[in-house]
Structure formats: structure tokens, C-alpha cells
Amino acid sequence: ARGAEQVSEQRARDAERAQAELKHYQVHLEKLVAERTAELRRSEEWSRLILESVGEGIVGVDAEGHFSFANEAAQRMLGFAPEELLGQPVHDLVHHTHADGTPYPRETCPMFHSVERGTTHYRDDEVLWRKDRSSFYVNYTSVPLRRDGTIVGAVVVFRDSTEQRKAEEALREREARLETILMTAN
């Protein structure tokens, strides 16, 4: 009986030690999870601060061509609140018509091609449309987003180029006038 009692006591001590060890590992694991969670929060906050600090509009487009993200600059330039953009089709909402008023078929849209075909595009001759139905010229780059080799969407970075276009047009007009003056002077 004494032998069985000793074995039983030894097992109880081993169980207590194992339980203490498990508690130690649990506390350690909880500490690691808390540290990693804090690191992730800091990283996400840093990314958000960067995206909100740039002057360019930055939008995320999901695999179906809908807004999945729009930074503050994009919201301001387009005149939409975030809840008015998110989940809406990008092409139908802000890229549906050319500057001359003709329809812009989605099938010919470089932004759509980034999602559909996985191609990167830069354009400096197109317009985006605001909520108030006015348009503005943009320079933009659309780049496909891939996860494990599969296209999951695109990122579009754009800048309002209306003032730049006006300045270039004024310069062309001055050059044409100067050329006319020089030709009539000869």
C-alpha cells in the first residue's frame, strides 16, 4: 500500500509541475500575442497615416472592380464620403465617360484591365467624375494586386492634372501666337 501511495503522490507532484509549466507557457504565449497584436496595430496605424498624408488619391479596387478603399485625398477629389464609395463599381461611378462626353466602355478602360488582365497602366489624358457630375483631368497609374499569383484587385493612384493641362494649353497658345507673329513679320 505504501508503494501505491508513493506512486500516487509522485503522480500528483508531476501533475502539479506540469500544470505550473502549462500556466507558465500560457502566460508567455499571452504575452507574445499581446506584443504581436500591439506591433500589428502600430504597423496598421503607420500604413494608415502614410495613406492619409499623401496628396495623391489612392483607391483600392477589388477583383470585381468595386471600391475597397479610398484615402482622404481620393474622397476629397471625387467628392464622395467613404460609405458612398466602398462597394460601388469604380468604372460606373467615376470613370464612365471620356472628357468629350462620349461613353467610356469598361472593356477599354485601363483601370479595368489592371483587374481583369493583370496589367499595369499609366495615363495622363483621362478624366474622373465627381459626385456633383463635374470632371477633372488626372494622371493615374493602375497596378494589379496579386495574392499567391492570383489577381485580387488593383490599386489606382491619381493626381488632379487640370491646372497642369491649363498651363500647357496656355503655353501652346502663346507659342502659336508667337509663331504667327514671326511668320507675318517676315
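Reader: Why is Arg-17 called partly exposed?

Author: The model is predicted, and the area is computed from it. Arg-17 has a relative accessible area of 49%. Buried needs under 20%, and exposed needs over 50%. The value of 49% falls in between, so Arg-17 is partly exposed.

Reader: What makes Arg-17 and Asp-14 a salt bridge?

Author: The closest N and O atoms of the pair are 2.4 Å apart. The cut-off is a side-chain nitrogen of Lys or Arg within 4 Å of a carboxyl oxygen of Asp or Glu. The 2.4 Å is within 4 Å, so the pair counts. Side chains of opposite charge can pair when their charged atoms come close.

Reader: How far apart are Asp-14 and Arg-17 in helix H1?

Author: They are 3 residues apart in H1, which covers residues 2-53. That separates them by about one helical turn.

Reader: Is Asp-14 buried, exposed or partly exposed?

Author: Asp-14 has 34% relative accessibility. That is between the cut-offs of 20% and 50%, so Asp-14 is partly exposed.

Reader: How many salt bridges does the whole structure hold?

Author: The search finds 8. One of the links is between Lys-131 and Glu-84, with the closest N and O atoms 2.5 Å apart. This pair joins distant parts of the chain, 47 residues apart. Lys-131 sits in the loop between strand S3 (121-129) and S4, and Glu-84 in helix H3 (residues 82-85).

Reader: Why are Lys-131 and Glu-84 not called exposed?

Author: Exposed means over 50%. Lys-131 has a relative accessible area of 41%, and Glu-84 has 30%. Both values lie between 20% and 50%, so both residues are partly exposed.

Reader: What makes Lys-166 and Glu-163 a salt bridge?

Author: Their side chains meet at 3.6 Å, N to O. The limit is 4 Å, so the pair counts. The two residues are 3 apart in helix H6 (residues 162-185), about one helical turn. Lys-166 has a relative accessible area of 51%, and Glu-163 has 56%. Each value is over 50%, so each residue is exposed.

Reader: Which residues are linked in a network of salt bridges?

Author: Arg-123, Asp-125 and Glu-126.

Reader: How do you know that the charge of Arg-165 sits over the ring of Tyr-137?

Author: Arg-165 lies over the face of Tyr-137, at 3.8 Å from the ring centre. The distance limit is 6 Å, so 3.8 Å passes that test.

Reader: How many aromatic pairs does the search find?

Author: The search of the whole structure finds 0. For a pair, the ring centres must lie within 6.5 Å.

Reader: Which members of the largest nonpolar core touch the most other members?

Author: Val-59, Leu-78, Leu-128 and Phe-158, out of 24 residues. Several elements each supply at least two core residues, among them strand S1 (57-62), helix H2 (72-78), strand S4 (135-147) and strand S5 (150-160). The largest share, 4 residues, comes from H2.

Reader: What does Leu-78 contact beyond its neighbours in sequence?

Author: Leaving aside residues within four places, the contacts of Leu-78 include Phe-67, Val-94, Leu-128 and Phe-158. Lys-131, described above for its salt bridge with Glu-84, is also in contact with Leu-78.

Reader: Why is Gln-75 called buried?

Author: Its relative accessible area is 16%. Buried means under 20%, so Gln-75 qualifies. Gln-75 lies in helix H2. Leaving aside neighbours within four places, Gln-75 contacts Ala-70, Phe-80, Pro-82 and Leu-85.

Reader: What makes Ala-154 buried?

Author: Its relative accessible area is 0%. That is under 20%, so Ala-154 is buried. Ala-154 is in strand S5. Beyond neighbours within four places, its contacts include Val-59, Val-61, Val-115 and Leu-145. Val-61 stands opposite Ala-154.

Reader: How do you know that S1 and S5 pair?

Author: They share 6 bridges, in the antiparallel sense. Pairing needs at least two bridges, so S1 and S5 count as paired.

Reader: What makes S4 and S5 a pair?

Author: They have 10 antiparallel bridges. The need is at least two, so S4 and S5 pair. Tyr-140 stands opposite Phe-158 in S5. The hairpin of S4 and S5 has 2 residues between the strands, and there Asp-148 takes a positive phi near 55°.

Technical notes. Residues numbered from 1 in each chain as written. Predicted model: local features only at pLDDT ≥ 70, side-chain atom pairs only at ≥ 80, totals over all residues. Heavy atoms only, no water. Core = buried A, V, L, I, M, F, W, Y, C linked by side-chain atoms within 4.5 Å. Buried < 20%, exposed > 50% of the residue type's maximum accessible area, 1.4 Å probe, protein only. Contact = heavy atoms within 4.5 Å. Phe/Tyr/Trp six-rings, centres within 6.5 Å; stacked < 30°, edge-to-face > 60°. Lys NZ or Arg CZ within 6 Å of the ring centre and 35° of its normal.
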